[in-house]
Amino acid sequence: MCGIFGYVGTKNNASDLVLEGLRILEYRGYDSWGIAQLVDGVISVTKKAGRIPDGDISFKATTIALGHTRWATHGEVTDQNAHPHLDCTQKLAIIHNGIIENYDKIKVNLKKAGHKFLSETDTEVAIHLIEKNIKAGNPFREAVRSAFNEFAGLNAIIVMDAASKTFVAAKTGSPLVVGRGKGKENLIASDAPALINYTDTFHFVEDGELLEITQDSIRAFDQKTGQEKNLHWQKVDWKFASNDKGKYPHFMLKEIHEQPTIIETIVNQSIPSIEDLAETILKSYGTYLVACGTAAYAALAGTYLFSKIARRHVNYAVGSEFGYQLDFLKKGSLVIALSQSGETIDVIDAIKKAKEKGALVYALVNVLGSTLYRMADYKILLMAGAEKAVASTKAFTAKLAYLILLSYILSSQKEKGKRVLQKALSSTNRLLQNEISNIKQIAQKLVNKKHIYVIGRGLAYPIALEAALKIKEVSYIHAEGMASGELKHGPIALVEKGTPCIAFLPDDETHGANLAGAMEMSARGADIIGISFQPHEIFDYFIRVDDAREATIIPETVAAQLLAYYLAIEKGFDPDKPRNLAKSVVVK
Ligand code: AGP
């Protein structure tokens, strides 16, 4: 949600650089965009509802510019509500992530003092309050600090001052990262990968920190006291990062195709950290898996894997519900948080509460330096590389691969775990080589359907849920995933002639019972799309997924991702940027 990019330096095409940065950040999801630039001592703003247009935008030469992609919270999606916002003097510009919960009270006072508001946003209140503080005699940095201390809620702001050519940034939530460019230039962004072309050395801004950024320096201060602090510079290895789609038309397809390489990387590189996690699980009083959305389905799959392979009970909750289930957490409890972005607010909130209770927090996270990465006591990086499509694909299967290995390590069968993942690798490769035209054809048959049902049992149940979520997210077809045993308890009432039903039928102990569920659907007229190791007479369509024991869930997922992707293409939607969705859900 909300991409941020700011440049101050000596290059005189700062606005172009900011535009390029915002384009890289488009994957975060947004509904409007804008850039503030300083030209001849005056701040001018270009901002629009909708997507950033393709091609060049003509900007005047400037060495300082600040941009934002907005995901609306307060105020509709309009040009006026897009960021940046200016103060009355037009000498200050602000961009903002988060929600200023007490904005209305502050706004009333500012209006009484004569400030003119041009938008319906909470953000605009901030810039007028800073203007008021400056008029009261405060220097710029102090004016921002004192205004920010008045805001309730979780927020990140960056303010540009025309007079001093300075950015001041402050945050209590939402990620911000600063990077030192080459020579006299400094940058700030919401995500480190946006800075990939400028630097590999970053400071990830902490909550409660205020930063002052000019072309010559970056300084950090304590937001509450104003005391200067040290910056913690970190080098980031960009080996797995890439900002372009390569030979693929969409990031989603590229990321689907990257999955075999990622599984291979996990099998070959990450065992020590998983062994460490396994030891921690064995020592803990209880283990809780916490995540949201797709990551939560990986966590749910984890409960089956732990039970089936490691014979261990593990608790599971979606992040937003975890707060209501943690009364029995104590010192010695272990919480494993799974997240692609490491910024999901419900997960962050959950682990904050868990830490307050004395629990140890392990993160399985894809983004180095993310909030979750920094907050967790221990972390395993997923090594899936930057995931750009809003719909999560490769980070999900990476999580599955880690959970499979972890379960095998817990049962002292590390090598077997690796062999099982190798099988998943072969099965996924075969699927990507041999099934794509088949899946495209199935997508063509399903494209006009209003509803799709997806069934699975055991390990395939979370995969049914994930398959349905992927279809919903990118094709906007209503899809419902369920345990096939639940069909008779209600959902089968909806089945009529031609209702599509995707059935996951792996070669495991669930096969017979799951097939029975598919037969019940078929008997009532459903068209069965069987995702299985072998064909069956009840299948109207068949996607072959070779067996890989418990890791069959990986190629099964890839089959569903491809189907979702081609449904989006058939419907003419952009699968990388689904409507209303953001890549990182950083507000409640
Ligand atoms: C995935 O396709 C979704 N866009 C969404 O459910 C996502 O998985 C969820 O918001 C959690 O994100 P995270 O993994 O970054 O924490």
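This note comments on the sheet, helices and aromatic contacts of a predicted model.

1. Basis. The model is predicted, with local features requiring pLDDT of at least 70 and side-chain atom pairs counted only at pLDDT 80 or more, whereas totals for chains, interfaces and linings use all residues. Residues are numbered from 1 along each chain as its sequence is written, and side-chain values use heavy atoms, with hydrogens and water left out.

2. Sheet order. Five strands form an open sheet in the order β17-β16-β18-β19-β20, with parallel pairing. Strands here are DSSP runs (E, at least two residues) and helices likewise (H or I, at least four residues), numbered from the N terminus; two strands pair if DSSP finds at least two bridges between them. The edges are held by β17 (315-318) and β20 (378-381), each with a single partner strand, so one side of each lacks a neighbour in the sheet. On average, neighbouring strands of this sheet are turned by 20 degrees against each other, direction ignored. (Axes are lines fitted to C-alpha atoms, for helices over the stretch in contact, and angles run from 0 to 180 degrees between N-to-C directions.)

3. The β16-β18 pairing. Strand β16 and strand β18 (residues 333-339) run parallel and are joined by five bridges. V290 stands opposite A337 in β18.

4. Helices on the sheet. Helix α8 (residues 293-310) packs on the sheet and touches β16, β17 and β18 (contact: heavy atoms within 4.5 Å); its direction makes about 155 degrees with that of β16. Helix α10 (residues 345-356) also packs on the sheet, touching β16, β18 and β19 (360-365), and its direction makes about 165 degrees with that of β18.

5. Leaving aside residues up to four places away in sequence, S333 touches Y285, G286, Y288, F328, A359 and L360.

6. Aromatic pairs. The structure holds nine aromatic pairs. (Rings of Phe, Tyr and Trp, the last by its six-membered ring, pair if their centres lie within 6.5 Å; planes under 30 degrees apart count as stacked, over 60 as edge-to-face and the rest as tilted.) One of them joins F148 and F151 edge-to-face, at 5.8 Å centre to centre and 75 degrees between the planes. F148 is buried at a relative accessible area of 4%, and F151 is buried at 10%.

7. The Y288-F322 pair. Y288 belongs to strand β16 (residues 286-291) and F322 to helix α9 (residues 319-322), so the pair ties together parts that are 34 residues apart in sequence. Relative accessibility is 9% for Y288, which counts as buried, and 2% for F322, which also counts as buried. Ring pairs link Y288, F322 and F328 into a cluster.

8. Charges over rings. R141 lies over the face of F221, 3.8 Å from the ring centre. The charged end of K379 sits over the ring of Y373, at 5.0 Å from its centre. (The criterion is NZ of Lys or CZ of Arg within 6 Å of the ring centre and within 35 degrees of the ring normal.)

9. Helix α15. The 16 residues of helix α15 (residues 460-475) should span 22 Å at 1.5 Å a residue, and the end C-alpha atoms are 22 Å apart, which agrees; the expected span is 1.5 Å times one less than the number of residues. Of the 16 residues of α15, 13 are buried. Just after α15, Y476 takes a positive phi of about 60 degrees.

Conventions:
Buried means under 20% relative accessible area, exposed over 50%, partly exposed in between (1.4 Å probe, protein chains only).
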